[in-house]
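Subject: Structure handover

Hello,

Here is the structure I promised to pass on. Please have a look at it first, then read my notes below.

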Amino acid sequence: MNQVGYGEIAAKYRKQIQDGTLQPGDTMPSMRQVSEEFGVALTTVNRAFRQLKNEGLTLPKAGVGTVVAGPVSNNIATRVALHAATGKALDSGESSRILEVGTIGADELVAPRLDVAPGSPVHMRRRVVSRGGVPIHMSTSYYPAYVMDVTPELAQPVSTGASRELAAERLGMEQDRIVYEFTSRHATEAEKEALGLTAGGPIPVTLEIRTVFLTDDRIVEVAVKVANGATILRHTMPLR
C-alpha cells in the first residue's frame, strides 16, 4: 500500500477551502490530527500545511493554530499558467458571471492605458468571479478595436474564461508581461450589489488595474478588478 504524500494531503484541504467546506476563519485540524488520520509523519503534514500557506489559503494564528485565510483572487499570471495546464482559466470551485458587455467611451483611467484619447470607443466586458458561490471580485475588461476584430465572441454576454488567450492566439502573439497598479476608493452601489456588500454607509474597496502586453508590445487588455477588503489579492512574482 502506497503511503499518502504531502501533495495529496494538501489537495484534500485545498478542495475543502475552495468548495466552501472550510470557510475563511475556520481552524484547520492540528498537524497531529492529520498525521494520525493519514498515518504519515509530522514532517509530511508540515510540508502539506506549508504548501497551503504558500498558496495563500491558510494563515498561522497565535494561540489557535492554522486558520483558513480570507477569499483569494488569483492574478493573471496564475490564470495563464492554469489555462496552459488545464485549458481553463478558472480555478476549481470558481465561476464567472457576465454582468454587462458593450461599447463605451474610454474614461480617464482606461484611455491612457489603452493609448487612446478619452472618450474613444472601446469594448467592455464586466463580470463577477465567485468561489464556492461567494463573490470574490468584480472585473471589467477593456479591449482595443484590433482585439475585437479577431475575437468577435467577446461581444457576446457569454463567459469565455480565456479571452486573452483567445485574442493572443488569433493575433499570432503570446502574452508577454503585465503591469499592475493598485489604488482604493469607496464602492459604488452597483459594486456593492454585485459583491454582496450589505453593510450600510461607505465601504472601502481595493482596485487592481492591470495592463496586459503581447510580445510585440501591443496591449491585449486593460482590466479593473474591484475587491472588498476581505478579499486577498494574491501575486507571486519569481525573483530568479
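Let me start with one residue towards the end of the numbering. Asn 228 is found in strand β9, residues 219-228. Helices and strands here are DSSP runs, numbered from the N terminus: helices are H or I with at least four residues, strands are E with at least two. Because its relative accessibility is 13%, Asn 228 counts as buried. The cut-offs are these: buried is under 20% relative accessible area, exposed is over 50%, and partly exposed is in between, with a 1.4 Å probe and protein chains only. Asn 228 touches Leu 195, Leu 197, Pro 204 and Val 205, leaving out residues up to four places away in sequence. A contact means heavy atoms within 4.5 Å.

Two points on how to read this. This is a predicted model, in which local features need pLDDT of at least 70 and side-chain atom pairs count only at pLDDT 80 or more, while totals for chains, interfaces and linings use all residues. Residues are numbered from 1 along each chain as its sequence is written, and side-chain values use heavy atoms, with hydrogens and water left out.

**Confidence and overall make-up**

pLDDT is the predictor's confidence in each residue, from 0 to 100. The chain averages 86, and 86% of the residues score at least 70. Helix α5 (residues 111-114) has the highest mean of the elements, at 96. Helix α4 (residues 76-86) has the lowest, at 55. Where pLDDT is low, the predicted coordinates should not be read in detail.

The chain has eight helices and 10 strands. Of its 240 residues, 40% count as buried. Take the contacts with a separation of 6 or more: residues 24 or more positions apart account for 60% of them.

Two packed helices are described by the angle between their axes and the distance between the axes. The axes are lines fitted to C-alpha atoms, for helices over the stretch in contact, and angles run from 0 to 180 degrees between N-to-C directions.

First, α3 (residues 42-54). Its axis and that of α1 come within 8 Å and cross at roughly 45°. That angle makes α1 oblique to α3. Under 35 degrees counts as roughly parallel, over 145 as roughly antiparallel, 65 to 115 as roughly perpendicular, and the rest as oblique. On the α1 side, the contact uses Tyr 6, Ile 9, Ala 10, Tyr 13 and Arg 14. On the α3 side, Thr 44, Arg 47, Ala 48, Gln 51 and Leu 52 meet them. By class, this contact has six nonpolar, two polar and two charged residues. Ala, Val, Leu, Ile, Met, Phe, Trp, Tyr, Cys and Pro count as nonpolar, Asp, Glu, Lys and Arg as charged, and the others, Gly among them, as polar.

Next, α2 (residues 31-38). α1 and α2 pack at about 115°, with their axes 12 Å apart. They are therefore roughly perpendicular to each other. Ile 9, Lys 12 and Tyr 13 of α1 make the contact with Val 34, Glu 37 and Phe 38 of α2. The residues of this contact divide into four nonpolar, no polar and two charged.

**Two buried residues**

Ile 17 lies in α1, which spans residues 6-18. It is buried, because its relative accessibility is 12%. Beyond four places in sequence, Ile 17 touches Leu 22, Leu 57, Thr 58 and Val 68. Ile 17 and Val 68 are 51 residues apart along the chain, yet their C-alpha atoms are separated by 7.3 Å.

Ala 69 is found in the loop between β2 (65-68) and β3 (72-73). With a relative accessible area of 4%, Ala 69 is buried. Setting aside neighbours within four places, its contacts are Pro 24, Gly 56, Leu 57, Thr 58, Leu 59 and Ile 232. Ile 232 lies 163 residues from Ala 69 along the chain, with 8.4 Å between the C-alpha atoms.

**Two loop residues with positive phi**

Asp 115 sits in the loop between α5 and β5 (121-131). Its phi is positive, about 60°, although it is not a glycine. Asp 115 counts as exposed, at 67% relative accessibility.

Asp 217 is in the loop between β8 (204-214) and β9. Its phi is near 75°, again positive in a residue other than glycine. Asp 217 is partly exposed, with a relative accessible area of 49%.

Best wishes
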